[in-house]
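Please find below some comments on the structure under review. They are set out as numbered points, to be read alongside the sequence and the model.

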Amino acid sequence: MEQAPPDPEKLLQPEPLEPLGGPGAVLEAADGEETEGTREDGSGVDTMMGNNFWLKKIEISVSEAEKRTGRNAVNMQETYTAYLIETRSVEHADGQSVLTDSLWRRYSEFELLRNYLLVNYPHVVVPPLPEKRAEFVWHKLSADNMDPDFVERRRIGLENFLLRVASHPVLCRDKIFYLFLTQEGNWKETVNETGFQLKADSRLKALNATFRVKNPDKRFTELRHYSDELQSVISHLLRVRARVADRLYGVYKVHGNYGRVFSEWSAIEKEMGDGLQSAGHHMDVYASSIDDILEDEEHYADQLKEYLFYAEALRAVCRKHELMQYDLETAAQDLASKKQQCEELATGTVRTFSLKGMTTKLFGQETPEQREARIKVLEEQIHEGEQQLKSKNLEGREFVKNAWADIERFKEQKNRDLKEALISYAVMQISMCKKGIQVWTNAKECFSKM
């Protein structure tokens, strides 16, 4: 009997927290021991706890996009787009909305900000940026990243990114994010001085952890599978929408032929001429309306694309967990090996084949003083290893706790946003069909008056 496929929504439901790696794989924390608050991976220096700026209600907007020409890092001339970011306080002392800051940023600076957030907040599902180049386009839509329509949609996407970060309970308090909105000069230098690149995990290390981890957490494995499925489903949906847009565009434009034919026909008719001319006008209006309709559709497509890119943000959290799990298992394995060595030295028995055992047989036993010195060194290493393992265990449990809290927040946001987007898209389709009915109703009245 074939089993029913798992419900994707249930995959995001966290199970009761267990020590990272499962029972027996880690050193348990002592009873009654607590961790000190929510860990933010060393970003305490870069947070704005208590900063009055974030206690006020502010408006953030990316109000303009401007094409510019300049020199890049290798002193070659390039053309790029700069975006004007404005922040306004909603409530001011005199009750008026006042412009507090206004500055220009390039897309690459948005990328730098997001990379910084990914490294410093690995347990957070960091909001994605809009696409750098157009994807899932239909044939009448330009894929040029300097196309005005594409730049306008990207401007909206960048504004949405900033609003996502500003509304996040953790990310909104980051000092670098605050400076991104308020400090135009030397902002890149300030980011690089944090040294976040040194903390970034390499792709090779992440891939190695994925294949070598022995006790993967089922919840994060299911989350990774869910993110893959979510990306696949939205990709298919966007492809279908692009094909429909192509065909719909053709159908609407063909209606323009009705207008041309009716107009030509009206020229040879006396009694029927006015009615045919009016019907042709309605057909021309109908044919030209598709341009605005499909432009509105692109905004709904961009909302779907945001969650297409969110899937990668979910996988980033999973990869970080796998790296922490792999480091934990490696530390546990190293500790077990040192304990075995210490026991063998203390008892004089060798349980497994080793190069040291062969050397002892060939060149004789160690002196008691040498053996005691080695045991003492191993005991110190075991003590350090136990403390390290305990620290990694607590760090891992805190990561799991914070990550699942943020995943729950993301799930609620996703359900709300996609529901609204799909309903709005359906309403737009209904409105479009009603306009088509109205056009043919008007044409019918024109024909009736002939």
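Predicted model: local features only at pLDDT ≥ 70, side-chain atom pairs only at ≥ 80, totals over all residues.

1. The accessible surface of the chain comes to about 26100 Å². Carbon and sulfur atoms account for 52% of that surface.

2. The chain has 450 residues, and 40% of them are buried. Its secondary structure consists of 13 helices and 3 strands. Of the contacts with a separation of 6 or more, 77% link residues 24 or more positions apart.

3. Which residues have the most contacts inside the largest nonpolar core? They are I85, F110, L113, L117, L162, F180 and W187, in a core of 31 residues. Two strands, β1 (58-71) and β2 (77-89), each give two or more residues to this core. The helices that do so are α3 (107-120), α4 (148-167), α5 (175-182) and α6 (187-193). The element that gives the most is α3, with 7 residues.

4. Not counting residues up to four places away in sequence, W187 touches R105, E109, L112, L113, I176, L179 and F180. Among these partners, L113 and F180 are also listed with W187 as residues with the most contacts inside the largest core.

5. Another core lies apart from the largest one. This other core has 24 residues, including L223, L238, V400 and A403.

6. Is I290 buried or exposed? I290 has a relative accessible area of 0%. Because buried means under 20% relative accessible area, I290 counts as buried. I290 is placed in helix α11, which covers residues 290-347. Leaving aside residues up to four places away in sequence, the contacts of I290 are L248, Y249, Y252 and K253. A further pair illustrates how sequence and space may be considered together: I290 and A245 are 45 residues apart in sequence, and their C-alpha atoms are 9.5 Å apart in space.

7. Q413 belongs to helix α13, which covers residues 368-448. Why does Q413 count as buried? The relative accessibility of Q413 is 7%, and the limit for a buried residue is under 20%; Q413 is therefore classed as buried. Setting aside neighbours within four places in sequence, Q413 is in contact with R164, Y307 and Y310. Of these partners, Y307 and Y310 fall within the residue range of helix α11 (290-347), while R164 falls within the range of α4 (148-167).

Key. Residues numbered from 1 in each chain as written. Heavy atoms only, no water. Helix = DSSP H or I, 4+ residues; strand = E, 2+ residues; numbered from the N terminus. Buried < 20%, exposed > 50% of the residue type's maximum accessible area, 1.4 Å probe, protein only. Contact = heavy atoms within 4.5 Å. Core = buried A, V, L, I, M, F, W, Y, C linked by side-chain atoms within 4.5 Å. Areas by Shrake-Rupley, 256 points an atom, 1.4 Å probe, with all protein chains shown as cover.
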